[in-house]
Amino acid sequence: MNTDDLRALVIEVLSGIAPETDPALVDPTVDLRDELDLDSMDELNLITRVSERLGIDIPERDYGKLRTLDSAVTYLANRLGASAA
Amino acid sequence: MTATTVGTAATAWRACPIAEGCGTSVAGRLRDVGASGRARAAEISHPAARARFVVGRALLHGMVAERWPHRHGPELGVELDAFGRPQPIAPDGLEVSVSHTHGLAVAAVSRVGAIGIDVESLARTDLPEAGAWLTARELRRLAALPHSERRTQLLHLWVAKEATLKACRRVGTTTLRGIEVWARRDRDDAPVGGDVAAVAEMGWVDDAPGAVRVGRDRALVTFDATDPLAASAEVAWYTVADGYLVALATSVSAPPR
Ligand SMILES: CC(C)(COP(=O)(O)OP(=O)(O)OC[C@H]1O[C@@H](n2cnc3c(N)ncnc32)[C@H](O)[C@@H]1OP(=O)(O)O)[C@@H](O)C(=O)NCCC(=O)NCCS
């Protein structure tokens, strides 16, 4: 899975969490809370669903690394040793 | 519904519907959030998220201002510390907390120690998988409940944990699984620093009779079961207009880290 695949996966999961917005249009460098009106429950849903889809455990100390689309993709790529697209 | 205040002069919280902005439009409320609040609002691109922030911050500013009628202008503002925790610019012993969800903002102030508040809609069904944020004991207690009661119980646990994290200054350092919520009746020797019943009984409604019910029998104790430097807090729950659940954490019994 490369970084494009990871980005697509995060956007797909976000679409389920914030169905009234289009996560594909978000500024990938901006806090997802501000762009998509996510709260902490949504954030935990994002983390648990992504970790389930990828079959990895995301420790609680790393939650802050998934706050923007870019930082989430970077973090997941590092965890999976993924190649750049 | 207009703003509803619950509490005493020492500790109080107030709820405000976001759509109504407590009598003023959300745009009008921007006047009440100070320069740093307006700067923060400008960063929030999602209109609903911005409205929630603005109404919550304005509510908090209003409560702080009421407690210091002799102060003016910038002195009355609220700013965020390095951890994102709101505090009055001139704290003078006053502790504050704020929370907002779709439709409702709540803010709390205390002259008698740390305070944390959290609100969720009781209609919310998208709770994260319980194993990700409950302790093993909480999971066991949940499993013992009838299915029909579990979602509401989960909402109670969620708001209690978030309010406690805010009150104990543990946001970002203690996880939701690092906090355990106990029903008072479950544990007589729970390490409480005060009288839970007194916290639950403090409420009254000043301008919207019946809008807030005090969940006296549901007052719980929370503490960090795994941490030798355990903090504890007392949590009382309230329902607002039958649609929202509020948790108020007070009486923090250990110094923050
Ligand atoms: C900070 C946190 C408690 C906010 O919860 P939330 O449900 O998203 O939002 P709420 O509306 O209840 O609260 C938001 C308010 O919390 C306050 N807050 C933020 N950081 C805080 C801190 N360190 N201490 C106290 N209050 C804080 C802010 O005032 C914020 O309001 P504002 O942005 O309008 O100023 C939450 O994001 C968090 O970090 N929880 C940690 C637990 C966890 O693991 N969460 C799951 C995945 S991130």
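Trainee: Which residue in strand 12 of chain B stands opposite Tyr238(B)?
Mentor: First, a word on the model: it is predicted, local features need pLDDT of at least 70, side-chain atom pairs count only at pLDDT 80 or more, and totals for chains, interfaces and linings use all residues. Residues are numbered from 1 along each chain as written, chains are lettered from A and ligands numbered from 1 in the order written, and side-chain values use heavy atoms, without hydrogens and water. Helices (H or I, at least four residues) and strands (E, at least two) are DSSP runs numbered from the N terminus. In strand 12 of chain B, the residue opposite Tyr238(B) is Val246(B).

Trainee: How many bridges join strand 11 of chain B to strand 12 of chain B?
Mentor: Two strands pair if DSSP finds at least two bridges between them. Trp237(B) has Ala247(B) as its bridge partner in strand 12 of chain B. The two strands run antiparallel, and the number of bridges joining them is 7.

Trainee: And how many bridges join strand 7 of chain B to strand 12 of chain B?
Mentor: Here Ser121(B) stands opposite Tyr244(B) in strand 12 of chain B. Strand 7 (residues 116-121) and strand 12 run antiparallel, and the bridge count is 6.

Trainee: How many residues of strand 11 of chain B are buried?
Mentor: Buried means under 20% relative accessible area, exposed over 50% and partly exposed in between (1.4 Å probe, protein chains only). Tyr238(B) and Val240(B) are among the residues pointing one way, Trp237(B) and Thr239(B) among those pointing the other way, and all are buried. The strand is largely enclosed by the rest of the structure, because the buried residues number 9 of the 9.

Trainee: Nice! Turning to the ligand, which chains surround it?
Mentor: A residue is near a molecule or strand if one of its heavy atoms lies within 4 Å of it. Among the 21 residues around the ligand, those that come nearest include Arg33(A) and Asp118(B). The site is shared between chains, because the surrounding residues come from chains A and B.

Trainee: How much of the ligand's area does the protein bury?
Mentor: Among the polar contacts (pairs of N or O atoms within 3.5 Å), an oxygen atom of the ligand is 2.9 Å from a side-chain N or O atom of Ser40(A). A polar side-chain atom of Glu162(B) lies 3.0 Å from a ligand oxygen atom. Accessible areas use the Shrake-Rupley method with a 1.4 Å probe. Taken alone the ligand exposes 910 Å², and the share that the protein buries is 88%.

Notes. Polar contact = N/O pair within 3.5 Å; in protein donor to acceptor, adjacent residues only side chain to side chain.
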